[in-house]
Amino acid sequence: MDTLHIALKEWDLTIRELLAGRQIVLLRKGGILESDNQFELEHPRFLFYPTFIHQNPEMVKPEKRAAIRRLAAEPAEVEITGYGEAARIWEVPSRRALESLDDLHVWDAPLLDLRFAYRPEKPLYLVAVRAYSLPAPVRLANTPAYAGCKSWVPLEQEISVEAASPALEAAAFEALVRRIERTFAGAR
């Protein structure tokens, strides 16, 4: 049985966009390892763990702001609805190059400004993520062990990812990955 127990904490809106196939990328400053001149995530396959209270409507494109589910606190339970596989990671060569991929994500300029400005001595990475929806959501207690500002959450239980459905067919996903590759190669 194919199972996962590591989850990546990410905005609920971003997870829903990934699982709908409207977004294929994540931005990261940390959690990236480099070996043999290859970048990789600490965990290349991971469940999506939704977070709510740090979602900021001003950080996403105006047409996506109403889709944010605003909560005063993180919920007592969360639903795990899918997982992702990191297919490719690039160091972002420039703000201009990232802006040319604007249609591949929901973030607006203020969030990109924050990501570029945070720890400017460290590179910003773009991760192409192939997302999969689970056949049925799995509800988990949002325990104190899962709280706090951390990217990776080791879950107390294994979650089956068998029979999950890809958000995008392989050819469509690969075409977008090739587009990112061409864009970033042309920016060097």
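Predicted model: local features only at pLDDT ≥ 70, side-chain atom pairs only at ≥ 80, totals over all residues.
**View 1. The whole chain, from one end to the other.** Residues are numbered from 1 along each chain as its sequence is written, and side-chain values use heavy atoms, with hydrogens and water left out.

The C-alpha atoms fill a box of roughly 45 × 35 × 30 Å along the principal axes. With 188 residues, a compact globule would have a radius of gyration near 16 Å, and the chain agrees at 16 Å; that radius is taken over C-alpha atoms, and the globule rule is 2.2 Å times the number of residues to the power 0.38. Of the 188 residues, 43% count as buried, meaning under 20% relative accessible area, with exposed over 50% and partly exposed in between (1.4 Å probe, protein chains only). Among contacts (heavy atoms within 4.5 Å) between residues at least 6 apart in sequence, 84% join residues at least 24 apart.

**View 2. Into the largest nonpolar core.** Nonpolar side chains tend to be buried together in soluble globular proteins. Here the largest nonpolar core has 26 residues, and Leu27, Leu126, Ile180 and Phe184 have the most contacts inside it. A core of this kind is a set of buried Ala, Val, Leu, Ile, Met, Phe, Trp, Tyr and Cys residues joined through side-chain atoms within 4.5 Å. The elements that give it two or more residues are β2 (25-28), α2 (95-99), α3 (109-117), β7 (125-141) and α4 (170-186). Helix α4 supplies the largest share, four residues. Apart from this core lies another, of 16 residues, including Tyr132, Leu155, Val161 and Ala164.

View 3. What does Phe184 touch, once neighbours within four places in sequence are set aside? Its contacts are Trp90, Glu91, Val92, Pro93, Ala97, Leu98, Leu101 and Leu126. Leu126 turns up again among the residues with the most contacts inside the largest core, as does Phe184 itself.

**View 4. Helix α1 under cover.** Seven of the eight residues of α1 (residues 12-19) are buried: Asp12, Leu13, Thr14, Ile15, Glu17, Leu18 and Leu19. The cover over them includes β1 (3-11), β2, β5, β6 and β7. After the helix comes Gly21, with a positive phi near 80°.

**View 5. Leu18, a residue of α1.** Leu18 sits in helix α1 and counts as buried because its relative accessibility is 1%. Leaving out neighbours within four places in sequence, Leu18 is in contact with Gln23, Ile24, Val25, Leu26, Phe48, Val129, Ala131 and Ala167. Leu18 and Arg130 are 112 residues apart in sequence, yet their C-alpha atoms are 8.0 Å apart in space.

**View 6. Val25 on strand β2.** Val25 lies in β2, and with a relative accessible area of 2% it is buried. Its C-alpha is 5.3 Å from that of Val127, a residue 102 places away in sequence. Beyond neighbours within four places, Val25 is in contact with Leu18, Leu104, His105, Trp107, Leu126, Val127, Ala128 and Ile180.

**View 7. Lys61, a charged residue in a loop.** Is Lys61 buried or exposed? Lys61 is found in the loop between β5 (45-51) and β6 (77-91), and at 10% relative accessibility it counts as buried. Setting aside neighbours within four places in sequence, Lys61 is in contact with Asp102, Asp103, His105, Val106, Trp107 and Asp108.

View 8. With a relative accessible area of 34%, Arg119 is partly exposed. At 66% relative accessibility, Ala163 counts as exposed.
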